[in-house]
Amino acid sequence: MKKILVTGGTGYIGSHTAVELISEGYEVVIADNLSNSKITVLDGIEKITGTRPAFERIDLCDGQGLESMLQKHGDVSAVIHFAAYKAVGESVGQPLKYYRNNLLSLINLLELMPLYSIENLVFSSSCTVYGQPEQLPVTEQAPVQPATSPYGNTKQVSEEIIRDTVAASNAIKSIALRYFNPIGAHASALIGELPVGVPNNLVPFITQTAIGIRGQLSVFGNDYHTPDGSCIRDYIHVVDLAKAHVVAVRRLIENKNRTPFEVFNLGTGRGVSVLELIRTFEKVTGKPLNYRITDRRPGDTEQVWADTSFANKELGWQARSTLEETLRSAWEWEKQHHQPEI
Ligand code: UFG
């Protein structure tokens with residue numbers, strides 16, 4: 001059984017990926033400092049899969065701690081590196097917190113992996129690297145634009161660090177996955193997104209408004225150059241996203257990658273506006289949503305959605321869930337998690 005180290009494995013995407021890996025027969029070791037996740041996520045993973053993954057509470061910025069963990073677990077076939085801070089707004093106010101955490105953890109991993117004969121790294125990147133692309137849908141060849149936040153910059157710099165490291169020796173090969181907007185939750189509603197405090201992201205804010213935790217949703221602008229004036233994104237079901245990680249890990253382990261560093265877009269290929277998403281949510285849940293149009297949010301990209309043909313062809317992977325199914329899963333998770341009596 002191949003052993004996969006999943007950093008940030010109790011987080012939103014990490015936990016869904018742990019489930020898919022275990023379901024596909026991999027052994028999972030989760031490393032997480034629980035800075036933005038809860039240990040009870042392991043219960044959810046165990047209930048879904050029947051297996052409780054090994055867990056190490058560790059901060060990856062602690063190189064010695066990371067080394068002890070690699071010694072202890074041995075025989076790791078691949079690392080999927082999710083662990084990172086991800087709040088765009090916070091990163092503007094606390095850039096060093098972001099640069100230290102997101103870059104140092106990656107550097108520690110890249111330094112230690114060869115010492116423990118770990119060749120394969122799957123890295124969580126983001127469509128944020130494209131900024132506002134000139135052509136839509138955006139392909140992996142589109143130029144990387146100057147980042148609009150320290151968070152975004154950590155993703156760009158991380159990709160460069162990996163590219164340079166892979167080029168410098170043949171000890172490591174890597175796949176960077178550029179996520180579009182992951183939403184939704186596992187069909188069991190046993191794991192899902194757990195935003196701390198007021199959610200920054202659209203769908204958790206919507207579900208919390210619908211359930212009564214938030215009074216009103218703000219739609220950030222309706223004067224963009226889009227058909228209904230609101231921003232357009234590519235919203236992908238987190239389970240579809242998670243499955244792509246299993247494919248990427250297998251591709252690296254089986255040496256099927258074409259180049260030592262590959263980059264893939266992970267999206268649905270469909271752009272959806274904020275207002276369209278709200279209408280779809282209302283339709284699938286039967287709940288009218290209290291929202292109002294407000295000013296634009298600084299730093300928002302007007303519209304972006306993925307050209308997924310490279311991932312579809314090379315990985316043999318495709319996002320399967322409809323927006324309706326995805327929003328329904330987000331709603332089921334919200335109901336289950338916050339108000340079990342509903
Ligand atoms: N939006 C609202 N109201 C809200 C929240 C969001 O109208 O209360 C709009 C935004 O203006 C945007 C869309 O909903 O048009 C999606 O916003 P999100 O905050 O959900 O996601 P972003 O597209 O801004 O993505 C950003 C970064 C990603 C990062 C992601 C998660 O660009 O790199 O946040 O942190 F991964």
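This is a predicted model: local features need pLDDT of at least 70, side-chain atom pairs count only at pLDDT 80 or more; totals for chains, interfaces and linings use all residues.
Residues are numbered from 1 along each chain as its sequence is written, and side-chain values use heavy atoms, with hydrogens and water left out.

Strands (E, at least two residues) and helices (H or I, at least four) are DSSP runs, numbered from the N terminus. A residue is termed buried under 20% relative accessible area, exposed over 50% and partly exposed in between, with a 1.4 Å probe and protein chains only. Strand β6 spans residues 173–179, and seven of its seven residues are buried, so the strand is largely enclosed by the rest of the structure. On one side lie Lys-173, Ile-175, Leu-177 and Tyr-179, and on the other Ser-174, Ala-176 and Arg-178; both faces are covered.

Two strands pair if DSSP finds at least two bridges between them. Strand β5 (residues 120–126) pairs with β6 in the parallel sense over seven bridges, and Ser-126 stands opposite Tyr-179 of β6. From β5 the chain passes through helix α6 (residues 150–168) to β6, in a right-handed β-α-β crossover; right-handed means that, with the strands pointing away from the viewer, the path from the first strand over the helix to the second runs clockwise. Strand β11 (residues 261–266) also pairs with β6 in the parallel sense, over six bridges. Phe-261 in β11 is the bridge partner of Ser-174.

With a disulfide defined as a pair of cysteine sulfur atoms within 2.5 Å, the count is zero. Cys-231 is in no disulfide, and the nearest cysteine sulfur, that of Cys-127, is 12 Å away. Cys-231 is buried, with a relative accessible area of 5%.
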